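Work through the exercises below with the sequence and the model side by side. Try each task before reading its solution.

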Amino acid sequence: MDKQEIYAFLKEKNLDFEITEHPAVYSMEELAQVALPYPEADAKNLFVRDDKKRNYYLITVKGDKRVDLKKFQKKHGTRRLSFASADDLMAIMGLIPGAVTPLGVLNDEEHRVEVCLDRDFLAEPGKIGVHPNDNTATVWLKTGDLIALISEHGNTVYSVQIE
């Protein structure tokens, strides 16, 4: 699904969401230069894989957090983790670097990606800002709705505490 298909899909599901269009951003630093209505709810996404290239994870955290992959690996019992390649990102989720988003999981037809969502997004107001498979906009929706969409698609979603 591309950006317009994501918008249509969210409308079809009767979900409440807002859209903020902005110039293309490729990092959290660039996104910080954009006037966002809910900056506390914007998400940073890390697409990682294990050392055998068998398991893929999308780690989604609040934008101001850092993720220590070694700690994450130890806490969640995974094999050694590293960033997945741009080729894997395109092949599995149909995304380019800079446009990584939990909504990209909707393109994962083999349900290979496990989503690890920072538990902080569930706290009030329960809102999250993610790209609509394109880094020229941010979609703001309820965290619970995002979890339901991903689960309904068939991918596993874990609520995890990222320090």
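## Exercise 1: a surface patch

Tyr26, Met90 and Ile96 make up a nonpolar surface patch, with about 310 Å² of accessible area together. The model is predicted: local features need pLDDT of at least 70, side-chain atom pairs count only at pLDDT 80 or more, and totals for chains, interfaces and linings use all residues. Residues are numbered from 1 along each chain as its sequence is written, and side-chain values use heavy atoms, with hydrogens and water left out.

Task: find the place of Met90 and say how exposed Met90 is.

Step 1. Recall the patch rule: residues have over 30% relative accessible area and no salt bridge; like charges are joined within 9 Å, nonpolar side chains (Val, Leu, Ile, Met, Phe, Trp, Tyr) within 5 Å. Areas come from the Shrake-Rupley method with a 1.4 Å probe; for residues, only the protein chains shown count as cover.

Step 2. Met90 lies in helix α4 (residues 86-93). Helices (H or I, at least four residues) and strands (E, at least two) are DSSP runs, numbered from the N terminus.

Step 3. Met90 has a relative accessible area of 42%, so Met90 is partly exposed. Buried means under 20%, exposed over 50%, partly exposed in between (1.4 Å probe, protein chains only).

## Exercise 2: the two faces of α4

Task: sort residues of α4 into buried and exposed.

Step 1. Asp88, Leu89, Ile92 and Met93 are buried. They span an arc of only 100° around the axis, so they sit on the same side of α4. The arc is taken from the directions from the helix axis to the C-beta atoms.

Step 2. Asp87 and Ala91 are exposed, on the face turned away from the buried side.

Step 3. Cover for the buried residues of α4 includes β2, β3 and β5. Contact here means heavy atoms within 4.5 Å.

Step 4. Gly94 follows α4, with a positive phi near 65°.

Key
Salt bridge = Lys/Arg side-chain N within 4 Å of Asp/Glu carboxyl O.
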